[in-house]
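Here is a short briefing to read alongside the model. It covers a pocket and a pair of helices.

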Amino acid sequence: MINSYKDSGVDKEEGYKAVELMKKNVLKTHNKSVLTNLGSFGAMYELGQYKNPVLISGTDGVGTKLEIAMKQKKYDTVGIDCVAMCVNDVLCHGAKPLFFLDYLAVGKNYPEQVEQIVEGVAEGCVQAGCAIVGGETAEMAGFYEDGEYDIAGFCVGAQEKELLLSTENTKPGQIVIGLPSSGVHSNGFSLVRKILKDNNIGLNEEFNGSTVGETLLTPTKIYVKEVLKVLEEVKVAGIAHITGGGFHENLPRALKDGLGMKIDKSSYELPEIFKYLQEKGKIDEEEMYHIFNMGVGMALIVNKEDVDKTLSLIDNAFVLGEVTDESGIKIVWRK
């Protein structure tokens, strides 16, 4: 006979403990624009000095990369991934991410585990300069297995309407600036996991001075602060966040219809993890560019006269290619 919520697998007291443990991480992201404390039914955020603001929102999760984290019992990085996937998308419109909310579903509420996950979310928000204004932790006993969890997030940013980026500003002859990724980021992990399984590759196998698991769990790079700095000084025509679908799906999203790009794959050093995955998975090179970020997490489109200025504002940025008058993404080797 079930006499309490706890008998069904949901422990309210552990939930309260988890909230208390995560508070210190959440509060370090707050600023004067946050008008409500944790625990309110809704979050309030003051826009401030905008004259004609447009709100830009984005939502995403971490995907099956979570399985790698669960197997490694490492919980403090996937929250960064969750934030990155949202704020980097919002950034593509020239907007500053303002606040973030997360949704965490667990099979069983282990407060210390939840705290570590939210610690990652808070770190991501610190990197992005945005505030965590709320969230939800759902204990779903019997739905998720004990120890399993899923996390998703939602970000809202803002920009003056006249300063929003538009694909109409792109034209042939403009230059594509590449920003290095930190690794695989949070896309393509269904294929990554299949490659590991098919080749009996353990997560603790040595790789490039680390392990396969640690390399794959490298958090997605957050580009907000450095790109906002560029937007203050350079008239950027477009921005693309290279996520699922790789170069071929994401780069065209920053272009006016009918335009394309010629990408020079010799313009940067391909990270070893992509060479490793391609070799182990016996994947065609062209297919790799359809799946992964291939070492480029974000691309900016600028006029030729702004290339040097842009490169000086972002560490390790490089000229990736150029906009063409022929639709499609062409990957070439120019050396």
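The lining of the second largest pocket divides into 11 nonpolar, 5 polar and 5 charged residues. Here Ala, Val, Leu, Ile, Met, Phe, Trp, Tyr, Cys and Pro count as nonpolar, Asp, Glu, Lys and Arg as charged, and the others, Gly among them, as polar. Do keep in mind that this is a predicted model, where local features need pLDDT of at least 70, side-chain atom pairs count only at pLDDT 80 or more, and totals for chains, interfaces and linings use all residues. Residues are numbered from 1 along each chain as its sequence is written, and side-chain values use heavy atoms, leaving out hydrogens and water.

**The pocket**

- Lining this pocket are 21 residues, with Gln159, Leu163, Leu165, Leu231 and Val234 nearest its centre.
- A pocket is an open set of points on a 1 Å grid over the protein atoms alone, where a 1.4 Å probe fits, with protein on both sides within 12 Å along at least five of seven lines; lining residues have an atom within 4 Å of a point.
- β4 (149–160) and α7 (224–233) each supply at least two lining residues; helices (H or I, at least four residues) and strands (E, at least two) are DSSP runs, numbered from the N terminus.
- The largest share of the lining, 3 residues, comes from α7.

**The helix pair**

- Gly79, Ile80, Val83 and Val87 in α3 meet a set of α4 residues that includes Ile117, Gly120 and Val121, where contact means heavy atoms within 4.5 Å.
- By class, this contact of α3 with α4 has 7 nonpolar, 4 polar and 1 charged residues.
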